[in-house]
Amino acid sequence: MSLRTWQSPWRVMLAVNAAVLVGVFLHKIALPPFVPYIHLLVDYHYGFTKRALIGAIVSLFTDKVPVWLVFALAGTMWLVTLGLFVKLFQKTFGFDDAHWPLFVFIAGSPFFLKNFMHTLGHFDIYGCALTIVLLLIPARSLVYVLIAALFSILLILIHHIFVLMYVPTIAAIVLLRFYLMQRVTPRNIVIGLVALAAVGILFLGAQFAGTVEVPYDEFIRHLQSRMADPSRTDLLAFGYIWYQPLSKEFADTWTRMPSNILGVPVFALLIWLHVPLWRYFARLIGALANDLHRRIVFAALIMISAGYLVMFVTVFDYSRWISNWAVCMFLMLHAVKTLPASKDVPLIPSDDRKTTILGWIVTLIPRVGIVRPF
């Protein structure tokens with residue numbers, strides 16, 4: 001390693017982050033606490049069904065689904081997301097020495113790529129990937145609004161919880177990149193409202209009309225018929241979620257709340273460890289040339305956070321929700337950077353001792369988890 005590299009701890013942090021990622025992957029493969037395999041088995045065999053798009057696509061290519069396909073698909077999606085984010089960061093900021101601290105606090109965050117590695121097989125990463133694509137493509141015409149609506153529809157068909165997880169961020173990005181930067185016309189507004197209505201109606205359909213109607217035993221037999229190894233009935237333990245009403249999800253979450261709420265101070269600490277990043281984000285917002293833009297950005301961040309608060313009291317995968325909330329903030333930072341600014345914004349300092357210590361701590365934390373911290 002060259003002397004220049006050793007003189008830049010941020011470059012060393014990148015190498016350590018890569019090693020941590022490998023460790024998280026090996027641990028995931030060797031000791032998977034939960035394999036979200038059943039989602040690849042559920043399709044549209046019994047008509048429109050929530051959480052079934054990925055399984056329906058898989059069914060087009062194979063009648064028997066092996067367990068390793070969970071990791072193959074999820075691993076491929078992880079690599080795609082990594083590539084998309086690197087391209088986005090290069091487009092928005094570039095990869096000069098001054099931007100390495102910013103890259104470390106985002107790409108090396110335990111909320112982001114490391115936690116997506118830990119949650120391989122869960123569908124959260126699809127929302128992140130499509131949102132990054134939306135940040136990469138031009139936003140010059142109404143086609144952009146229609147693409148965003150299509151992405152939102154796809155995400156809700158993958159899992160209806162995306163209506164709170166990434167669709168608000170997609171809507172905010174469309175607002176910032178298209179409606180604030182292009183001439184607003186009645187036609188643009190009407191098409192945007194129609195797109196929002198279509199997404200909302202689809203969510204209601206998935207939530208209330210996407211429940212499997214056949215008896216539970218028949219549903220499980222169908223899933224077993226698609227398994228490469230039908231004897232692995234332990235992988236079908238979560239089949240009940242296709243029958244569970246919203247009221248039951250609320251009840252389960254609030255039953256677990258007293259113990260799971262103990263993780264909130266840990267989540268708060270993890271968020272605080274990113275304080276140099278949040279300060280930079282605040283400076284970006286404060287430097288916006290248009291006061292209306294600042295108010296709209298604040299409103300968008302509140303809207304996104306409110307969606308996660310609803311998820312927090314509805315479904316108990318708290319570590320996933322906190323992690324994806326942070327990812328949405330990272331992506332919104334990129335969106336805000338594209339708005340006109342009245343002045344240059346100082347970057348995260350690379351030679352500040354406290355910032356460097358926080359960078360190392362963020363680097364060494366391997367991931368956040370799924371339900372409870374770590």
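User: Between which helices is the loop that holds Arg 51?

Analyst: This is a predicted model, so what follows is computed from predicted coordinates. Arg 51 has a phi near 60°, a positive value in a residue other than glycine. As for its place in the chain, Arg 51 sits in the loop between α2 and α3 (53–59).

User: Is Arg 51 buried or exposed?

Analyst: Residues under 20% relative accessible area count as buried. Arg 51 has a relative accessible area of 8%, and therefore Arg 51 is buried.

User: What is the phi of Phe 374, and how does the accessibility of Phe 374 classify it?

Analyst: Phe 374 is found in the segment after α18 (353–364). Although Phe 374 is not a glycine, its phi is positive, at about 65°. With 49% relative accessibility, Phe 374 counts as partly exposed.

User: How are α4 and α7 oriented to each other?

Analyst: Helix α4 (residues 68–92) packs with helix α7 (residues 124–136) at an angle of about 30°, their axes being 9 Å apart. Angles under 35 degrees count as roughly parallel. The two helices α4 and α7 are therefore roughly parallel to each other.

User: Which residues make the contact of α4 with α7, and how do they divide by class?

Analyst: The crossing in which α4 passes α7 is left-handed. From α4 the contact draws on Met 77, Trp 78, Thr 81, Leu 84, Phe 85, Lys 87, Leu 88 and Lys 91, while α7 contributes Ile 125, Tyr 126, Cys 128, Ala 129, Ile 132, Val 133, Leu 135 and Leu 136. By class, the contact of α4 with α7 has 13 nonpolar, one polar and two charged residues.

User: How is α7 oriented relative to α10, and what classes of residue make up their contact?

Analyst: α7 and helix α10 (residues 167–179) pack at an angle of about 5°, with their axes 10 Å apart, which means that α7 is roughly parallel to α10. On the α7 side the contact is made by Thr 131, Leu 134, Leu 135 and Leu 136, and on the α10 side by Thr 169, Ile 170, Ile 173, Val 174 and Arg 177. Divided by class, the residues of the contact of α7 with α10 are six nonpolar, two polar and one charged.

User: Which residues is His 274 in contact with, leaving aside its neighbours within four places in sequence?

Analyst: His 274 has its place in the loop between α14 (264–272) and α15 (275–286). Its relative accessibility is 1%, so His 274 counts as buried. With neighbours within four places in sequence left aside, the residues in contact with His 274 are Phe 105, Ser 109, Pro 110, Phe 111, Phe 330 and Val 362.

User: What separation along the helix do Lys 248 and Asp 252 have?

Analyst: Lys 248, partly exposed at 40% relative accessibility, forms a salt bridge with Asp 252 in which the closest N and O atoms are 2.8 Å apart. Because these two residues are four residues apart in helix α13, the separation of Lys 248 and Asp 252 is about one helical turn.

User: In which helix do Arg 294 and Asp 291 both lie?

Analyst: The side chains of Arg 294 and Asp 291 meet in a salt bridge of 3.0 Å, N to O. Arg 294 counts as partly exposed at 21% relative accessibility, and Asp 291 is partly exposed with a relative accessible area of 39%. The two are three residues apart, about one turn of the helix, and both lie in helix α16 (residues 291–314).

How values were computed:
Residues are numbered from 1 along each chain as its sequence is written. This is a predicted model: local features need pLDDT of at least 70, side-chain atom pairs count only at pLDDT 80 or more; totals for chains, interfaces and linings use all residues. Side-chain values use heavy atoms; hydrogens and water are left out. Axes are lines fitted to C-alpha atoms, for helices over the stretch in contact, and angles run from 0 to 180 degrees between N-to-C directions. Angles under 35 degrees count as roughly parallel, over 145 as roughly antiparallel, 65 to 115 as roughly perpendicular and the rest as oblique. A crossing is left-handed if the near helix is turned anticlockwise from the far one by less than a right angle, and right-handed if clockwise. Contact means heavy atoms within 4.5 Å. Ala, Val, Leu, Ile, Met, Phe, Trp, Tyr, Cys and Pro count as nonpolar, Asp, Glu, Lys and Arg as charged, and the others, Gly among them, as polar. Buried means under 20% relative accessible area, exposed over 50%, partly exposed in between (1.4 Å probe, protein chains only). A salt bridge is a side-chain nitrogen of Lys or Arg within 4 Å of a carboxyl oxygen of Asp or Glu.
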